[in-house]
Amino acid sequence: MLSTMHQNKEIDEESKKPEVILFYNCTKGGVDTFDQLTHNYKVARKTRRWPLRFFYGMSDQAAINAFILYKIAKKQKPTPRCSFMKVRGLD
């Protein structure tokens, strides 16, 4: 693996894996969670035009980021994500 962050080639004695692999495995959870959230409620529609597909991806990201900020700001139990998106016009 190539990494600009890891310069040394240390190998973990326990797992016999390079430190680069262990770091990747520790930090990939956010991507999996994000993919799961976008899979549940998508803004994207089927298209062959890449600029439109790019716009749909940005819209999905904005909707998830807005919901996360809403949950942080709200002290009580927040509304479900589906309701949040419908009220905000993101669905």
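In the predicted model, helix α4 spans residues 81-88 and contains three buried residues, R81, F84 and M85. Viewed down the axis of α4, these buried residues fall within an arc of 95°, so they line one face of the helix. An α-helix has 3.6 residues a turn, so residues three or four places apart point the same way. The face of α4 turned away from the buried side carries K86 and V87, both of which are exposed. The packing partners of the buried residues of α4 are two other helices, α2 (29-40) and α3 (50-73). After α4 comes G89, a residue with a positive phi, near 75°.

At the level of the whole chain, the secondary structure consists of four helices and zero strands, and the order along the sequence is α-α-α-α. The radius of gyration of the chain is 19 Å, whereas a compact globule of 91 residues would have a value near 12 Å. Along the principal axes, the C-alpha atoms occupy a box of roughly 50 × 40 × 20 Å. Of the 91 residues in the chain, 16% are buried. When contacts between residues at least 6 apart in sequence are considered, 20% of them join residues at least 24 apart.

The surface and the charges of the chain were also computed. The accessible surface amounts to about 7,700 Å², and carbon and sulfur atoms account for 58% of this area. The side chains include 17 positive and 9 negative ones, with a separation of 17 Å between the centres of the two sets.

The segment before α1 (19-27) contains K16. This lysine, K16, is not a glycine, yet its phi is positive, at about 60°. The relative accessibility of K16 is 60%; because this value is over 50%, K16 counts as exposed. I11 likewise belongs to the segment before α1. With neighbours within four places in sequence left aside, the contacts of I11 are with K16, K17 and P18. I11 and M58 are 47 residues apart along the chain, and their C-alpha atoms are separated by 38 Å.

Several residues of helix α3 (50-73), which takes part in the packing against the buried residues of α4, were examined individually. A63 is located in α3, and its relative accessibility is 1%; because buried means under 20%, A63 falls in the buried class. Between the C-alpha atoms of K71 and D32 the distance is 19 Å, at a sequence separation of 39 residues. I72, another residue in helix α3, has a relative accessibility of 59% and therefore counts as exposed. I72 and K46 are 26 residues apart in sequence, and the C-alpha to C-alpha distance between them is 32 Å.

Notes. Residues are numbered from 1 along each chain as its sequence is written. This is a predicted model: local features need pLDDT of at least 70, side-chain atom pairs count only at pLDDT 80 or more; totals for chains, interfaces and linings use all residues. Side-chain values use heavy atoms; hydrogens and water are left out. Buried means under 20% relative accessible area, exposed over 50%, partly exposed in between (1.4 Å probe, protein chains only). The arc is that of the directions from the helix axis to the C-beta atoms. Contact means heavy atoms within 4.5 Å. The radius of gyration is taken over C-alpha atoms; the globule rule is 2.2 Å times the number of residues to the power 0.38. Accessible areas come from the Shrake-Rupley method with a 1.4 Å probe; for residues, only the protein chains shown count as cover. Lys and Arg count as positive and Asp and Glu as negative; His and the chain ends are not counted. The place of a charge is taken as NZ of Lys, CZ of Arg, CG of Asp or CD of Glu.
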